[in-house]
There are 2 protein chains.
Amino acid sequence: MNKADLFRQIRQKRSFLCIGLDTDIQKIPKFLLHNEDPVFAFNKAIIDHTHDLCVAYKPNLAFYESLGVKGWGSLEKTVGYIREKYPEQFIIADAKRGDIGNTSGLYARAFFEKMQVDAVTVAPYMGEDSVKPFLAYPGKWVILLALTSNKGAFDFQFMADASGERLYEKILKTSVTWGSADQMMYVVGATKAQSLEEIRKIIPDHFLLVPGVGAQGGSLEEVAQFGMNDQCGLLVNSSRAIIFASDGEDFALRARDEALNVQVDMEELLLEAELI
Amino acid sequence: MNKADLFRQIRQKRSFLCIGLDTDIQKIPKFLLHNEDPVFAFNKAIIDHTHDLCVAYKPNLAFYESLGVKGWGSLEKTVGYIREKYPEQFIIADAKRGDIGNTSGLYARAFFEKMQVDAVTVAPYMGEDSVKPFLAYPGKWVILLALTSNKGAFDFQFMADASGERLYEKILKTSVTWGSADQMMYVVGATKAQSLEEIRKIIPDHFLLVPGVGAQGGSLEEVAQFGMNDQCGLLVNSSRAIIFASDGEDFALRARDEALNVQVDMEELLLEAELI
C-alpha cells in the first residue's frame, strides 16, 4: 500500500482513524475469558464492529507479549483475520523495535514476512542501519518515533544543539533521506500538537501517526489544524477510549459508538479541508 | 541478583563473559533441523558446553520473533532451561523495548513475570516513564542503551547541546537518578572503547553491558583498560564468534573452545586488575 492508496481509503471511509488494539486481558469483559482465546475473541468482535469506520488497526506488541506464546498466537490470529476479511485495512505493528543492522533485518522478517503487517513502529536511537532493513520490503512502511505523546518525551527529544535544532527535528531531517514518503511515516503525539506546525515545515508530505487523542488528552481539532496536508497525511490513533468503552455484553457495540463519534468528527474535518 | 552477587559470580567463574544467544535458524547446523525444536536444541547444547565459562546469557529477541509463535516458544524453553539447570546465570532479554508508561509496564510483565529473566535492554528515547515500570521489580535490572556498537550510533547519539554535552551523556546523567546501580546497567559498544573513559567519569559504579567484541571488531583489552572498575563492572558479550564457531557435528565443542579462549583472556585481565 502506498500513500495514494491510503488517501483513497481515507476518502472512501471519510475517516483517518486508526484503532489501537491494546488488548489488555485484565480489562476485557469477563464473560470472554471462557473462550479458548479471549484476546482474539475480543479483537474479532471489535474489528467486525468498527472496520467500516477506520482505515487502520494498530496492535501494540506489549499487550500480546505479556501473555507469552499464547499472546503471540492471539496476535498472529488477529493480523491474519484482518488480512483475510478486511484486506483494505492498513495494519501497524506498534513494536518500537530497532537494533543493529543484521538484527533489525530479523525484526523486519518477523513483521513483514511472518506476520504480514503493513507497517512497524521503529525507535530511532540506533540510527540509519537500525532502520534501513525495514525499508527493503516494497510496499511496507517504517513509522519512526519522532515526538512521542508521553511525559518522558521532554527528557531527551527536545534536547537542542548549538544551532537550536532539537533532537526530534534532527531525526526528521536526517531520516527523510533514508526512504520515500511512500514508505516512511512519523509518530507525533497529539499532546504536542503545537509542534506539528514546525514539523510540517520539515516534512510537508509525509503521513503522521498521531497517538494521544482521547485517554491521553490530545485534541483532534488541533491535530487537524496543524498537521493535515493535501492528502490528509494523518492517521489518528485511539485505543482505550474506543476498545474499552464498556466491559459488558455490549462492549463491541459501545466500541462502535465511540468509533462512530470520532469518524463523524473526522468527516467534518475532511469536509472543511475540502479533501472529500 | 544485585551488583555484589554478580561480582561474586565473576570472581568464581574468573570470567565476565556474556554469551549472546542470537540463534539464527538459517545458521545453525543442518542436522539439528530434524529436531522438533531446532533452536532450543541448539541453545541447550551451547549452554551445556559453555555455562562454566560465562556469567550471563543474552538471547536477542529478534531471532526468536522472526519465527513467530514457535520462536517465542523456543525462547521460553531456553530461559526456563537456564533458570532450572544453571540458576546462577544472569539472563538478559535483549529486547530494546520502551513505550509509554502503562505499556512499558506490560513489557516488564512479559519479561520479568512471564519469562523470569534478570534484565531487559531498554531504549531511552521515550524518557523516564518508559523506563520506570521495569524498575518496579525488586532484583530485576534495566540495561539502558547509551552508546551502541553500530555505525548508526553516530547519527544521533553524539549530538551535542550548546554546552558540548552529548545525547548519550545526557541520557547517562539523567537516568542515574531513576534507579540504583543495583538495578541499572548501560549498553556501551566495544567499538567505542575510547568513550568508556569519559563514561566512567559519569557512572563509576554501574555495570556496563559491552557488545561488539569479536565479529564487530571491538577489543577486549581496550574495554578492560577503559571500562573496568573495582567490582569489574563489565559484562562483555560475544555472540556469533562463539555460537557459530562451527556448523558441523562439533558445533558445541567448538563454541566451548571459543568461549574458553575469551575466558582465559578475561581471567588474565581480572588478575592484572587484582580482582581475583
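Reader: Which residues does B:Met184 touch, not counting residues up to four places away in sequence?
Author: This is a predicted model, in which local features need pLDDT of at least 70 and side-chain atom pairs count only at pLDDT 80 or more, while totals for chains, interfaces and linings use all residues. Residues are numbered from 1 along each chain as its sequence is written, and chains are lettered from A and ligands numbered from 1 in the order in which they are written. Touching means that C-beta atoms, placed from the backbone, lie within 7 Å. Leaving out residues up to four places away in sequence, the partners of B:Met184 are B:Trp141, B:Val142, B:Leu144, B:Gly179 and B:His206.

Reader: Is B:Met184 buried or exposed?
Author: B:Met184 belongs to strand 6 (residues 184–188) of chain B; strands (E, at least two residues) and helices (H or I, at least four) are DSSP runs numbered from the N terminus. A residue is buried with 20 or more other C-beta atoms within 10 Å of its own, exposed with 12 or fewer, and partly exposed in between. B:Met184 has 22 other C-beta atoms within 10 Å, so this residue is buried.

Reader: How far apart in space are B:Met184 and B:Ile82, C-alpha to C-alpha?
Author: In sequence, B:Met184 and B:Ile82 are 102 residues apart. In space, their C-alpha to C-alpha distance is 22 Å.

Reader: How many strands form the closed barrel of chain B?
Author: The strands of this barrel run in the order 1-2-3-4-5-6-7-8, with parallel pairing, where pairing takes at least two DSSP bridges. Neighbouring strands are turned by 30° against each other on average, direction ignored. The number of strands in the closed barrel of chain B is 8.

Reader: In strand 8 of chain B, which residue is the bridge partner of B:Leu209?
Author: Strand 7 (residues 208–210) and strand 8 (residues 234–238) of chain B run parallel and are joined by 3 bridges. The partner of B:Leu209 in strand 8 of chain B is B:Leu235.

Reader: At what angle does helix 4 of chain B run to strand 2 of chain B?
Author: Helix 4 (residues 68–85) of chain B lies across strand 1 (17–21), strand 2 (56–59) and strand 3 (90–97) of chain B. Angles run from 0 to 180 degrees between N-to-C directions, and axes are lines fitted to C-alpha atoms, for helices over the stretch in contact. To strand 2 of chain B, helix 4 of chain B runs at about 175°.

Reader: Which residues of helix 12 of chain B make the contact with helix 2 of chain B?
Author: Helix 2 (residues 38–50) and helix 12 (residues 251–272) of chain B pack at about 45°, with axes 9 Å apart. These helices of chain B are therefore oblique to each other, as angles under 35 degrees count as roughly parallel, over 145 as roughly antiparallel, 65 to 115 as roughly perpendicular and the rest as oblique. Helix 2 of chain B gives B:Ala45, B:Ile46, B:His49 and B:Thr50. Helix 12 of chain B gives B:Ala252, B:Leu253, B:Ala255, B:Arg256 and B:Ala259.

Reader: Are helix 2 and helix 4 of chain A roughly parallel or roughly antiparallel?
Author: Helix 2 (residues 38–50) and helix 4 (residues 68–85) of chain A have axes 9 Å apart, at an angle of about 25°. That angle makes the two helices of chain A roughly parallel.

Reader: In strand 2 of chain A, which residue is the bridge partner of A:Gly20?
Author: Strand 1 (residues 17–21) of chain A runs parallel to strand 2 of chain A, and 4 bridges join them. A:Ala56 and A:Lys58 point one way from strand 2 (residues 56–59) of chain A, A:Tyr57 and A:Pro59 point the other way, and all are buried. The bridge partner of A:Gly20 is A:Lys58.

Reader: What phi does A:Lys96 have?
Author: A:Lys96 is found in strand 3 of chain A. With 29 C-beta neighbours inside 10 Å, A:Lys96 counts as buried. Most residues other than glycine have a negative phi. A:Lys96 is not a glycine, yet its phi is positive, at about 50°.

Reader: Where is A:Cys232 found?
Author: A:Cys232 also has a positive phi, about 70°, although it is not a glycine. A:Cys232 counts as buried, with 27 C-beta neighbours inside 10 Å. Its place is the loop between helix 10 (220–227) and strand 8 of chain A.

Reader: Which element of chain A gives the largest share of the side that touches chain B?
Author: The contact takes 49 residues from chain A and 49 residues from chain B. Elements that give two or more residues to this side of chain A include helix 3 (61–65), helix 6 (128–131) and helix 8 (167–175) of chain A. The largest share, 7 residues, comes from helix 5 of chain A.

Definitions and conventions
Contact = placed C-beta atoms within 7 Å.
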